[in-house]
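Subject: Structure handover

Dear colleague,

Please find below the structure I am passing on to you, together with its sequence. My notes on it follow directly after.

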Amino acid sequence: MARIYGTIESLKSLKSELEDKGISRFSSVKEIKGFLANYKLEKQSILDDTSKQLEAEYVKTCNNLELITQKKTEIINFKEESIHNKTNEIQRKIEVIKNKNGANFLKKILSSINLFFLKKESNRYQKKTTELANSALKNISRSIVSDQAFIRDYETEKTSLIEKRAKPNIKKLEYTLSVIESSRNLISGAIGENLVVKEIKKLSDDYVLINDFSLNFSPPIFYKKQNQRIYSIQIDHLLICKAGIFIIETKNWSTSSVESISLRSPVEQIERANFALYIHISEHITLNGHHWGEQQIPIRNLIVMINNKPKGEFKYVKVKLLNEMNDYIKYFEPVLTENQVNRIADILNQ
């Protein structure tokens, strides 16, 4: 299997864009493709899960309503029984005082005072018992009203209740979809570049692939053909092997995009990269493996189209479909040794 270094640029850009917008659930293009393919199923799954949760909550609420209604009745009965018992006890004391014989003035005054305090105690007890009961009943009554409202809504407006409960998760899912939809170009590029990497992996370990290869030039180099200064280059894939170096640019374009005159030509892009890479290699890599003298490192330009490619041939650049790529790469005779390949790869991968 070919040796692979680096992460594809479009995937890095895609991850960065998604993270900037608060989406971190994807770690690969495969997961994004799976999300798009299963979006409707995931949305329905949210509704189904919410429905199950509400059903469980409904059963629990019904059971709870039965229990707290019973508890309310028990509290009311306890309050009434407590007041009744205490009242009877005080009333017995009052009757005892009333039934005592004797006309002693002082005893009558004391009896009157005792009766006053007994009645006061009875009133205070009734009031305190009522307050305690009402405090407990207040919370229970509130729970009963809440449970009854939920049960009523569930039984009469179950669908709208499910939608309301599921809305935050559905909204989050729809937001994720909208961000993915707005990143289609990056996704398409990441899919294309990922397919190229998977195909190159089928080659032997004599091949070294560097993804998202880039160079910066200071001072810039002058590219006479396009009358411009080159400050930096970025190459989708740089393949190093015994046949030399392949600059590989990947385009996952539709037929209309291939035929569009408004899109920048990848041919000009790859020629520019070739020139800059040639200058860099000339200045930094020397091969003295041949007795005739310093060896040149062949640099070939390859544009890989995932689904569609233009008709016709182009100077200095080969355009191949994905399924044609490996056969084209393996067509060339080896001119470098294994040690030279490893040395070039080590220097360019620094």
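The chain exposes about 22100 Å², of which carbon and sulfur atoms supply 50%; accessible areas come from the Shrake-Rupley method with a 1.4 Å probe, and for residues only the protein chains shown count as cover. Please bear in mind that this is a predicted model, in which local features need pLDDT of at least 70 and side-chain atom pairs count only at pLDDT 80 or more, while totals for chains, interfaces and linings use all residues. Residues are numbered from 1 along each chain as its sequence is written, and side-chain values use heavy atoms, with hydrogens and water left out.

The chain contains 10 helices and six strands, taken as DSSP runs (H or I of at least four residues for helices, E of at least two for strands) and numbered from the N terminus. Of its 350 residues, 36% are buried, where buried means under 20% relative accessible area, exposed over 50%, and partly exposed in between, with a 1.4 Å probe and protein chains only. Among the contacts with a separation of 6 or more, 74% are between residues 24 or more positions apart, a contact being heavy atoms within 4.5 Å.

Helix α1 (residues 9-20) packs against helix α6 (residues 184-200) at an angle of about 145 degrees, and their axes are 8 Å apart; the axes are lines fitted to C-alpha atoms, for helices over the stretch in contact, and angles run from 0 to 180 degrees between N-to-C directions. On the α1 side the contact is made by Glu9, Ser10, Leu11, Ser13, Leu14 and Glu17, and on the α6 side by Leu186, Ile187, Gly189, Ala190 and Glu193. Serine 183, in the loop between α5 (158-182) and α6, is buried with a relative accessible area of 1%, and it touches Leu14 and Glu17, not counting residues up to four places away in sequence.

The largest nonpolar core has 40 residues, and those with the most contacts inside it are Ile200, Leu239, Phe246, Ile248 and Ile329. A second, separate core of 33 residues includes Ile235, Ile240, Ala273 and Ile297. By nonpolar core I mean a set of buried Ala, Val, Leu, Ile, Met, Phe, Trp, Tyr and Cys residues joined through side-chain atoms within 4.5 Å.

Threonine 250, in strand β4 (residues 244-251), is buried as well, with a relative accessible area of 8%. Leaving aside neighbours within four places in sequence, threonine 250 is in contact with Gly192, Glu193, Val196, Asp236, His237, Val304 and Ile306. Threonine 250 and methionine 305 lie 6.1 Å apart in space, C-alpha to C-alpha, although 55 residues separate them in sequence.

Most residues other than glycine have a negative phi, and most peptide bonds are trans. Here, a cis peptide bond with omega of about 5 degrees joins serine 218 and proline 219, and proline 219 lies in strand β2 (residues 208-223). Asparagine 227, in the loop between β2 and β3 (228-241), has a positive phi of about 50 degrees and is exposed, with a relative accessible area of 60%. Tyrosine 316, in the loop between β5 (299-305) and β6 (318-321), has a positive phi near 70 degrees and is exposed, with a relative accessible area of 61%.

With best regards
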